[in-house]
There are 2 protein chains.
Amino acid sequence: MDIFREYNIKCTKQRQIILDIIKNNNGITIKEINELVKKEINLSTIYRIIELFLNKEIITKKIVDNVVIYELKEKTHNHYFSCNKCHKKTIIPKKDIENFENKIIMNNDYEVTSHNIEFRGICSKCKGK
Amino acid sequence: MDIFREYNIKCTKQRQIILDIIKNNNGITIKEINELVKKEINLSTIYRIIELFLNKEIITKKIVDNVVIYELKEKTHNHYFSCNKCHKKTIIPKKDIENFENKIIMNNDYEVTSHNIEFRGICSKCKGK
DNA sequence: ATTTAAATGCAAAAAAATTGCATTTAGGAG
DNA sequence: CTCCTAAATGCAATTTTTTTGCATTTAAAT
């Protein structure tokens, strides 16, 4: 993987494993990571790698349902709608976000440098059930 | 305070103190709370009260700068624009939020049950400087 | 292939969170 | 207002989570 080169950090087996896990699970706890790799990676190493990834801003730390989880920090900064039933995420079209942001700017003369937008609810597929 | 009656929980001195602290600090850690009240309230009581408040949804748990903080859960659920320079918050008009949410729903047939929207940047006053 | 700074594993320590139980207290009943 | 009881608190002990020091291993540059 080139993400290690990109961030100028050593590429180790342990780091790759943990990065892959975080990539493949959208939102995972330390405990869960440990469950998955306890045979191959020492817990203190997990902590050290998580901290490294946080510092390099490869991942972010969040709270979901009052639990701390870690997830990949996406560069392409999308915004999602998360279904509470099937837990699937769907991207909110960038245009919608932009239009919204433009409205905020126009109405208030702000210079917007960052935003955080998330919607939760029931998706169309789960709605019928 | 009537918040205790409203949520149907006993009103104790300790709960009042902690609620007031959370009210007066926007975003505080357990450690900080403990520092403030260690002479009057036992740490395990603090944990128990925080958990109660979370369960009753009087407060929420968040991550700010990779640290877990607790803050009052506002009923009037406003959305803010925060200025990075003067750190002042201004409310984004509810209408704007609603229009945006309606668009998301219309375009995708979702049932939106909650959202989280925050903008950051430079406000008009700080822009000139 | 060799070298070396950095990363890992392991054990031990420190810090954070939870628990059981004796004591205290809020708040309803009389 | 006083009494009563279930619930809340304090305290000490435990459990869980996170951090640390150091010996060993490893990535990657030479």
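**Two chains, one axis**

Ile117(A) stands opposite Ile117(B) in S5(B).

Me: Before we go on, what kind of model is this?

Reply: A predicted one, where local features need pLDDT of at least 70 and side-chain atom pairs count only at pLDDT 80 or more, while totals for chains, interfaces and linings use all residues. Residues are numbered from 1 along each chain as its sequence is written, chains are lettered from A and ligands numbered from 1 in the order in which they are written, and side-chain values use heavy atoms, without hydrogens and water.

Me: How are strand S5 (residues 111-122) of chain A and S5(B) paired, and over how many bridges?

Reply: They run in the antiparallel sense, over 11 bridges. Strands are DSSP runs (E, at least two residues), numbered from the N terminus, and two of them pair if DSSP finds at least two bridges between them.

Me: How much area is buried between chain B and chain A?

Reply: Interface size is often given as the accessible area lost when the parts come together. In this case about 3300 Å² is buried, and carbon and sulfur atoms give 56% of it (1.4 Å probe, summed over both parts). Phe100(B), Tyr110(B) and Phe119(B) supply 20% of the area that chain B buries against chain A, more than any other three residues.

Terms used:
Buried area is the accessible area (1.4 Å probe) that two parts lose on being put together, summed over both. Helices (H or I, at least four residues) and strands (E, at least two) are DSSP runs, numbered from the N terminus.
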